[in-house]
Amino acid sequence: MHILNQDIEFVEENRACSYFDENISDIRYKYMYSCSTTQYQGMLERGWRRFGRMHFVPECKNCTKCVSMRIDVANYKFSKSEKRVIAKNKDTKLYIRPPSMTMEHLELYDKYHKFMNDKKDWPYSAILPDDYLKSYVEAKEEFAKEFLYVRDNKLIGVALVDILPKSISAIYCYYDHDYADLSIGKFSVLAQIKIAKELKVPYIYLGYWIKDHFSMGYKEAYTPFEILKNRAYFDEMPVWEK
């Protein structure tokens with residue numbers, strides 16, 4: 001019997017680590033055809049992340065360097081440098097809407113990853129439309145949004161963001177490095193913080209933080225933040241500490 005729309009959970013063991021060449025990792029995946037806000041909130045609190053309908057969390061046996069982190073929105077105060085970034089983007093238009101895909105999306109995505117391949121040796125291959133749909137568009141739950149940053153009638157940045165009553169989850173952001181002076185990546189996080197304050201959302205989940213890592217260490221700049229101290233299953237309470 002072929003069952004459609006069935007949730008599937010599995011663990012991929014001994015896979016190449018995405019952050020350390022010499023390490024291996026173990027990742028638990030949960031494919032969820034539909035995910036309610038309540039379910040998703042509980043998963044965020046326990047360190048899970050989402051790309052499309054696929055949710056995942058690290059379960060590496062010999063390493064705990066990937067730490068889930070979240071910004072304490074109520075106590076966040078914008079620094080002078082952050083206020084300058086916001087001011088520089090006074091003419092940058094922000095559109096918030098359900099995720100979509102256009103040729104502009106795909107071209108900007110590829111341009112960003114080509115740049116990161118040269119700068120940080122990220123692996124690169126042009127993304128296929130079907131892969132983009134599955135990762136960023138396919139699971140159109142009501143909390144799924146995209147932030148589009150437009151300058152001079154040109155798309156210069158895209159952030160995939162989930163907005164829930166008690167959480168904002170920053171999923172992924174890519175942007176045009178030709179506009180490096182605008183610091184779109186940083187501006188995107190600051191825009192999410194401003195929106196969270198307006199909506200009285202207590203936390204923004206930034207995903208995994210690795211202290212001093214060349215690609216993941218930057219997140220500690222968004223302080224105050226909390227980190228997840230345990231690997232809690234769904235029947236256990238997560239422990240977050242500052």
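Modeller: The lining of the second largest pocket comprises 13 nonpolar, four polar and seven charged residues. Here Ala, Val, Leu, Ile, Met, Phe, Trp, Tyr, Cys and Pro count as nonpolar, Asp, Glu, Lys and Arg as charged, and the others, Gly among them, as polar. The model is predicted, so local features need pLDDT of at least 70 and side-chain atom pairs count only at pLDDT 80 or more, whereas totals for chains, interfaces and linings use all residues. Residues are numbered from 1 along each chain as its sequence is written, and side-chain values use heavy atoms, with hydrogens and water left out.

The second largest pocket is lined by 24 residues, and V57, P58, L228, N230 and R231 lie nearest its centre. A pocket is an open set of points on a 1 Å grid over the protein atoms alone, where a 1.4 Å probe fits, with protein on both sides within 12 Å along at least five of seven lines; lining residues have an atom within 4 Å of a point. The volume of this pocket is about 430 Å³, taken as the space filled by probe spheres set on the points, which are joined across faces, edges and corners.

At least two lining residues come from each of β4 (54-58), β5 and β11 (225-228); strands are DSSP runs of E, at least two residues long, and helices runs of H or I, at least four, numbered from the N terminus.

Strand β4 belongs to an open antiparallel sheet in the order β1-β2-β4-β3, where two strands pair if DSSP finds at least two bridges between them. Its edge strands, β1 (8-16) and β3 (49-51), each pair on one side only. The twist averages 30 degrees from one strand to the next; angles run from 0 to 180 degrees between N-to-C directions, and axes are lines fitted to C-alpha atoms, for helices over the stretch in contact. Five antiparallel bridges join β2 (residues 24-31) to β4, and I27 has P58 in β4 as its bridge partner.

Strands β5 and β11 lie in an open sheet of eight strands with mixed pairing, ordered β6-β7-β8-β9-β10-β5-β11-β12. Because β6 (93-97) and β12 (240-241) each have a single partner strand, one side of each is left without a neighbour in the sheet. Six bridges pair β5 (residues 67-72) with β10 (residues 203-209) in the antiparallel sense, and M69 stands opposite G207 in β10.
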